[in-house]
Amino acid sequence: MTILTISLFPFLLLIAAACVSFCHGNSNVLCIGSERDALLKLKNDLIDPSNRLSSWVKGGDCCEWNDVVCHNTTGHVTQLLLSPPDGRQSYGRSALGGKINPSLLELHHLNWLDLSNNDFRSIQIPEFLGLLGSLTYLNLSQTLFLGAIPRNIGNLSQLQYLDLGGNYFSEEVKSLQWVSGLSSLRYLDLSGVHLGKATDWLQVTISNLPSLLELHLSGCYLEGPIPDYFGNMSFLKVVDLSFNSLNSSIPISLYSLNHLQSLGLTGNYLQGEISNAIGNLSSLTHLELSYNELQGKVPASLGDVCKLKDIDLSSNGIEQDVSEILQSLSKCGLESLESLSMADNQLSGHLTHKLGQFKILAYLYLAKNNISGPIPLSIGELSSLKVFDVSENQLNGTLPPNFGKLANLETLDIWKNKLNGPLPPSFGQLKNLEVVNIGKNKMEGDVSETHFSNLTKLSTLSASENKLRFEPNTSWIPPFQCEMILLSHWHLGPKFPHWLKFQKKLFSLDLSHAGIADVVPTWFLNLSTQFQMLNLSSNQLTGGIPYLTVGNIVDLSSNRFSGPLPRLLSNQFYDAFPDPFFSLSRNLFSGSLSEFVCNSSVTSMSVLHIDTNLLSGEIPDCWNRWKKLGILNLGNNNLTGRIPSLGDASLQMLNLRNNSMFGELPSTLRSCRDLVLLDLSENHFSGRIPAWICDKLSNLMVLSLRSNNFVGHIPHKICALQSLQILDLGHNDISGAIPKCLRNLSAMAIKEKQSEHYYEGVTFYSNTETIHFLMSASLVLKGREDLYSTTLGLVTSIDLSANSFTGQIPKEVGTLIGLLSLNLSRNLLTGNIPDSIGDLKLIESLDLSMNHLHGGIPSSFSNLNFLNHFNVSYNNLTGQIPTATQLQSFENSSFMGNHLCGPPVSKSCSTKGVPTDASKNGENSGRSKVNGFYVSMVVGFVMGFWGVVAPLFFIRSWRHAYYGKLEHIGNKVYVFWATKCI
């Protein structure tokens with residue numbers, strides 16, 4: 001926070017009163033002609049866009065001119081008050097610019113020069129200002145001066161007030177020795193001046209500025225410890241060293257500045273505890289120590305500083321019971337403390353009834369702590385309270401019924417606690433309430449029109465993720481004009497809320513998960529022209545949307561909208577945020593994409609989700625108009641054709657999964673060099689996997705080409721994808737060996753997973769919050785398909801299943817120690833399972849089923865303690881399943897179709913690790929084969945012999961015929977050989 005100029009405020013009031021007297025006290029006094037001419041020369045070199053100096057005309061009385069003050073007796077110009085009336089907000093409107101004419105040197109009696117909050121960004125501070133020897137007041141703050149600070153400003157020995165803060169000085173100041181000449185200086189502000197190398201900054205101010213009361217060195221790049229001899233400046237009333245890089249503890253000497261009224265050390269790296277000596281700062285009214293690394297407790301002696309109005313200790317590491325702090329401050333601060341900020345610490349305990357005793361407390365910030373218990377009933381006694389922020393704690397119970405007594409309350413922030421119950425009826429009495437943030441609690445019950453009856457100033461109503469019900473009368477007209485209404489997870493339906501029709505200033509609206517089952521009325525579509533953010537997702541909205549005005553964020557996903565995609569129009573916020581997020585996912589939109597993309601008046605898009613609809617036809621070839629498109633999700637539709645050219649789009653995510661697209665992957669995808677996620681699964685793409693994917697898309701973290709018609713081998717260059725965490729090539733017809741170079745996939749070879757922010761997604765900024773949309777992907781892991789988003793960066797997976805891979809599983813797979821899922825099932829793999837797979841100690845899913853693997857399950861599998869999905873069925877594996885491992889928790893189906901033994905399969909093992917029934921069957925089979933051989937010989941001999949001999953022996957006619965035939969054959973053979981020999 002900015003330190004107020006406390007000590008000089010009465011002095012400045014006196015000067016201002018004198019100004020009025022000098023200007024108007026003697027109307028007969030005319031200005032000096034030479035000084036009038038000097039002012040006209042000054043005007044001629046100034047740029048005056050708002051014509052502020054219109055009264056500065058030739059021949060006029062310069063003492064009557066705007067922003068000029070003359071002495072009431074001599075007529076000499078003594079003051080130039082050229083700061084714009086609207087202060088810092090003046091840039092481009094009433095701010096002066098141009099050059100500063102040296103004619104100022106002709107104003108010999110000029111003692112007050114204020115050029116603050118103007119726009120001199122093209123020039124440096126003129127050297128001649130150091131020659132204005134009569135100056136006692138010089139304010140050049142927020143004027144955007146460039147270059148260096150003229151050293152001769154140190155010649156202005158009468159100067160009491162010097163403010164050079166908030167400029168764009170490019171030169172580092174190596175020494176502040178020039179300040180030593182300003183011996184009369186009471187106020188010094190060099191905020192924003194680079195003093196990192198000016199190690200003498202404190203010595204100069206201590207030794208040479210004996211009258212200094214205020215020292216402002218905010219954002220000056222100061223480093224190292226706060227010098228211990230700071231305490232020698234006992235006369236100081238204001239010290240502002242905020243937003244530097246000071247990294248020591250707070251020196252004890254600083255606590256000896258008993259005249260100190262304001263101490264600002266915000267935004268440094270201060271460490272240690274706050275000393276009990278802080279109780280010595282008896283004059284202190286403002287204490288700002290936020291955004292440091294302070295620890296320990298707030299000393300009880302702080303309660304002895306009875307003039308304290310503002311305490312800011314937020315964003316430190318203070319660990320203490322909040323009731324102890326309130327007890328200490330109640331010693332003498334009940335009638336003085338106006339603001340207490342201790343947000344983002346480690347406070348615990350409960351808010352006690354003591355809170356209600358701080359009668360003039362106006363600002364209470366206790367957000368981001370661990371405070372529990374209910375909000376005490378005594379809070380109703382804080383009649384001066386304007387801001388009550390206890391968001392992101394563990395508060396429970398209901399809101400006190402006397403909340404309506406806080407008549408001055410402007411901001412109520414209880415977001416993200418555990419508060420329950422209904423909204424108290426007295427809520428409607430908070431007539432000054434402007435901002436309400438009660439979201440992410442467990443509040444429930446009915447909200448009526450009475451709860452809003454007197455909230456005429458309400459501008460922000462943020463109450464999402466409660467279970468409140470609000471169904472006002474259809475004729476109800478709200479008494480407020482909100483800019484933001486966030487009522488996600490309220491019950492507002494089934495009818496579309498008619499009362500929104502009267503919100504003419506609304507720019508942010510979230511009615512997601514609100515139980516609305518209706519058609520979006522036409523008046524609402526017209527209202528959308530003013531929206532920066534619109535979220536109607538996860539309702540039951542129906543009908544068509546002919547047109548829609550796009551601001552920064554539009555989310556209509558998960559409804560039942562039908563018909564063609566709406567025609568997109570841009571509104572005022574589109575110009576401010578020209579790269580919107582747009583989601584129509586999970587609806588019933590049908591038809592073509594061409595009109596939506598190619599003929600839209602929206603010329604830029606950052607995120608486009610139209611997945612899970614009924615879109616058909618080809619993807620149009622007109623994406624060049626959306627060059628900043630980062631996320632394109634068209635998955636789960638009926639799109640056909642080939643992938644068109646996506647131009648020079650800055651795509652990080654492309655999802656075309658589950659469509660009917662075909663053809664080879666186009667070389668135009670090479671231009672999408674920023675792709676992190678590419679999902680083309682479940683289509684009809686064909687051909688080989690192009691090697692350029694590995695060369696041109698080197699940032700890929702997710703590559704899914706699952707369930708297509710790809711053939712050929714895996715290109716070895718795929719191993720060069722150093723960021724690849726998910727590789728899914730399953731269900732294609734890819735052949736050849738699994739590349740050994742997979743060991744080079746370094747993102748899978750480390751145990752530390754990328755955090756979710758590595759999938760950067762897209763960030764959108766609104767007036768009150770930052771919204772980050774992460775990338776998401778549908779992955780098939782552990783035999784089922786799930787959508788991963790926030791945990792996507794934690795997943796590592798390889799799926800090569802249902803292809804035609806041959807050869808052995810490369811042992812190099814075992815080097816991918818960060819792998820969580822490996823699926824090589826339904827291939828033609830042979831050989832043994834590599835022992836190295838046992839090194840994948842983090843693996844949760846392993847599927848090697850339906851291959852031709854043989855040998856045993858490696859004993860190294862006993863290291864796989866995280867396995868929850870495992871399948872090696874239908875191979876030729878033998879031997880005993882390793883015992884005392886995770887493997888015994890799986891069902892028999894994970895091992896069937898093999899020759900394995902031991903739990904969990906039913907077959908037990910012999911002492912040699914062979915299934916016992918197989919062993920017995922083997923021995924009996926061997927014996928039976930030997931015995932069967934001899935038996936068959938005997939039976940064959942007997943049957944053959946007796947089958948022929950027995951009939952001849954017992955039947956005479958057969959016997960005579962048999963031997964007669966043999967004799968006939970013998971005679972023929974004899975005649976044949978006899979004739980051959982003759």
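This is a predicted model: local features need pLDDT of at least 70, side-chain atom pairs count only at pLDDT 80 or more; totals for chains, interfaces and linings use all residues.

Start with the open sheet of eight strands, which runs S33-S36-S39-S41-S43-S45-S47-S49 with parallel pairing; strands here are DSSP E runs of at least two residues, numbered from the N terminus, and two of them pair if DSSP finds at least two bridges between them. Residues are numbered from 1 along each chain as its sequence is written, and side-chain values use heavy atoms, leaving out hydrogens and water.

Pick Gly543 and you'll find its bridge partner, Phe561, in S36.

Next, click Tyr547 in strand S34 (547-550). Which residues does Tyr547 touch, beyond those up to four places away in sequence? Thr522, Leu525, Asn526, Pro566, Arg567 and Leu569, with contact meaning heavy atoms within 4.5 Å. Draw a C-alpha to C-alpha distance to Pro566 and you get 4.6 Å, across 19 residues of sequence.

Last stop: helix H4, residues 322-329, helices being DSSP H or I runs of at least four residues. Color Val322, Ile325, Leu326, Ser328 and Leu329, which are buried (under 20% relative accessible area, 1.4 Å probe, protein chains only). Looking along the axis, they sit on the same side of H4, because they cover an arc of only 160 degrees, taken from the directions from the helix axis to the C-beta atoms. Show 310-312, 317-321, 339-341 and 346-348 too: strands S16, S17, S18 and S19 are among what covers them.

Terms used
Buried means under 20% relative accessible area, exposed over 50%, partly exposed in between (1.4 Å probe, protein chains only).
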